[in-house]
Amino acid sequence: MIKRKLLTILGDSRKRRHLIIAIIIFVVAQVLMGNFYRFGGEHSYFTIGSAKFAFFNIPFMVLTGLYGMMPSAFLVLSLFIFGVFTTIQKAYLFFPYLVVALAVFLPARFRWYRKPFLVVLEIAILSFILGNGYFFAITFANPMGVYYISAFGQVCLFLSEVPECFITVMLLWIFYTKTEEDVRADFYCSRYYTADYEARLAVGKEEKESVLKLNVLMFSICMITIIVITSIMITMRLFDLYAVSASSGENSILTSEIDATRWKQQAFQDILEGTREAKAKDENAVTIPEFRFINQVHASYVTGMPLAITSRSMLRQLSMMLILVIVPLLIINNWILQEYIVVPVTNLESFMVGYVATPETERREYICKAPDITPPYHNELYQLHNALATLVNDVENYVSTIQHQRTVEDNLRIQRLAAEAKSSFLINMSNQIRTPISSIMGMNTMIMNTTHEVETKAFSQDIRNSAKTL
């Protein structure tokens with residue numbers, strides 16, 4: 001099945017081109033984001049004075065904006081696996097990218113790029129998630145919480161992501177609205193900005209979600225939600241038990257409480273030291289606590305000396321890691337179910353509904369014009385498709401046979417009626433003609449018996465011969 005699918009893609013030049021483009025963007029995004037994860041963003045920002053501007057998220061957002069959530073789910077899952085095998089303590093840092101993928105896909109799907117103010121709102125949302133959201137993800141998983149926070153620092157975090165978000169959104173806007181119609185129709189997200197989709201919207205034939213598709217999706221979400229909540233509750237209970245047990249020993253590794261005063265003092269001391277170091281290098285330097293905190297977290301993981309944790313901070317990290325695994329798997333699982341189960345069933349349902357609704361005289365033409373909906377794999381659905389195809393062909397052949405017989409019978413009936421009409425006509429005409437002819441022959445006989453003129457008798461003889469012939 002996979003081999004045949006791959007051969008089909010490679011045999012189609014358009015699909016082959018899309019596959020190459022997707023792989024290139026996927027690899028570039030993975031390299032840039034993996035570099036940021038591994039080395040703490042040392043080479044992932046443009047630095048202008050005290051300001052830092054990111055650029056490494058552009059390929060990831062472009063990938064999502066072109067091909068939807070599926071490649072993004074694969075990318076986030078592969079990055080998480082990479083994090084598990086390198087520095088598992090900070091694998092949770094990829095959590096904001098799930099939100100970013102949704103923030104790119106949903107506005108594209110609901111056609112935000114048609115209105116300028118929604119485009120500006122999209123830039124702001126993405127900048128907040130990648131800047132402020134990334135910071136809050138780190139603080140959420142840190143024992144100290146959101147203590148390193150200031151209005152100036154939050155603005156700087158937001159502004160640091162504006163350039164790359166602006167570039168990404170502008171690239172997608174240009175692609176959605178300025179490229180050729182055929183090019184846009186080939187990509188998953190840009191097809192919502194084609195003239196064909198606009199026409200279908202105008203006549204009220206916009207794409208409707210399959211009920212079966214929604215049911216499968218909702219069932220998957222419910223089951224995954226139950227699994228996540230159950231896992232978190234069990235983990236929370238175990239962590240509390242281990243924390244209580246560990247606190248009774250001398251070498252306590254995991255605790256449920258931290259000394260908030262000591263952490264605050266260290267935070268203030270760190271800010272002061274950072275400010276003195278920056279001022280020593282440049283009198284006009286500006287120290288941003290949020291950036292310093294993020295750098296400290298990354299540096300602590302790189303050096304193998306992560307910040308102290310508590311049972312609850314560990315639980316928060318674990319929760320984000322669970323979501324990082326489960327949500328991409330949910331997206332991938334949903335795509336597989338849609339592609340290999342729901343879509344074939346929906347296609348069969350649409351074909352049969354259209355077949356039944358088509359007038360009997362036009363059904364053969366409907367079958368000829370219907371697109372190929374054969375499932376790409378051999379299983380029960382494939383057998384069902386073949387059985388329905390055989391049934392439809394048999395029905396059409398039977399109907400054709402009945403129509404042919406009906407046509408022959410109609411022709412025979414018409415010929416019989418025509419013959420009867422002809423006979424009736426001839427009988428009537430014969431009766432109508434015989435009476436005057438008899439009169440004419442009687443009068444002509446009297447003329448022949450009474451006249452002595454040779455010429456008149458010749459004429460009468462001609463009349464008699466013609467009357468007998470008639």
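Which helix holds both Arg 413 and Asp 410, and how many residues apart are they? Both residues lie in helix H15 (residues 380–450), three residues apart, about one turn of the helix.

## Basis of the model

This is a predicted model, in which local features need pLDDT of at least 70 and side-chain atom pairs count only at pLDDT 80 or more, whereas totals for chains, interfaces and linings use all residues. Residues are numbered from 1 along each chain as its sequence is written, and side-chain values use heavy atoms, with hydrogens and water left out.

## Salt bridges within helices

Three salt bridges are found in a search of the whole structure; the term denotes a side-chain nitrogen of Lys or Arg within 4 Å of a carboxyl oxygen of Asp or Glu.

Glu 181 and Arg 184 form a salt bridge with an N to O distance of 3.5 Å. These residues are three apart in helix H8 (residues 181–185), so about one helical turn separates them. Glu 181 counts as partly exposed at 29% relative accessibility, while Arg 184 counts as buried at 10%. Helices are DSSP runs (H or I, at least four residues) numbered from the N terminus.

## The salt bridge of Arg 111

The side chain of Arg 111 meets that of Glu 198 in a salt bridge of 2.2 Å, N to O. Because Arg 111 lies in the loop between H5 and helix H6 (116–140) and Glu 198 in helix H9 (residues 195–202), the pair ties together parts that are 87 residues apart in sequence. Arg 111 is buried, with a relative accessible area of 9%, whereas Glu 198 counts as partly exposed at 34%. Arg 111 also has a positive phi of about 65°, although it is not a glycine.

## Packing of H3 against H5

Helix H3 (residues 58–67) packs on helix H5 (residues 95–109) at an angle of about 45°, with the axes 9 Å apart. H3 is therefore oblique to H5. Axes are lines fitted to C-alpha atoms, for helices over the stretch in contact, and angles run from 0 to 180 degrees between N-to-C directions. Angles under 35 degrees count as roughly parallel, over 145 as roughly antiparallel, 65 to 115 as roughly perpendicular and the rest as oblique.

From H3, Phe 60, Met 61, Thr 64 and Gly 65 meet Tyr 97, Val 100, Ala 101, Val 104 and Phe 105 of H5, contact being defined as heavy atoms within 4.5 Å. The H3 contact with H5 has seven nonpolar, two polar and no charged residues. Ala, Val, Leu, Ile, Met, Phe, Trp, Tyr, Cys and Pro count as nonpolar, Asp, Glu, Lys and Arg as charged, and the others, Gly among them, as polar.

## Packing of H6 against H7

The axes of H6 and helix H7 (residues 151–178) come within 7 Å and cross at roughly 135°. H6 is therefore oblique to H7. The residues in contact include Phe 128, Phe 135 and Phe 136 of H6 and Phe 158, Phe 166 and Trp 173 of H7. By class, the contact of H6 with H7 has 16 nonpolar, four polar and three charged residues.

Conventions: Helix = DSSP H or I, 4+ residues; strand = E, 2+ residues; numbered from the N terminus. Buried < 20%, exposed > 50% of the residue type's maximum accessible area, 1.4 Å probe, protein only.
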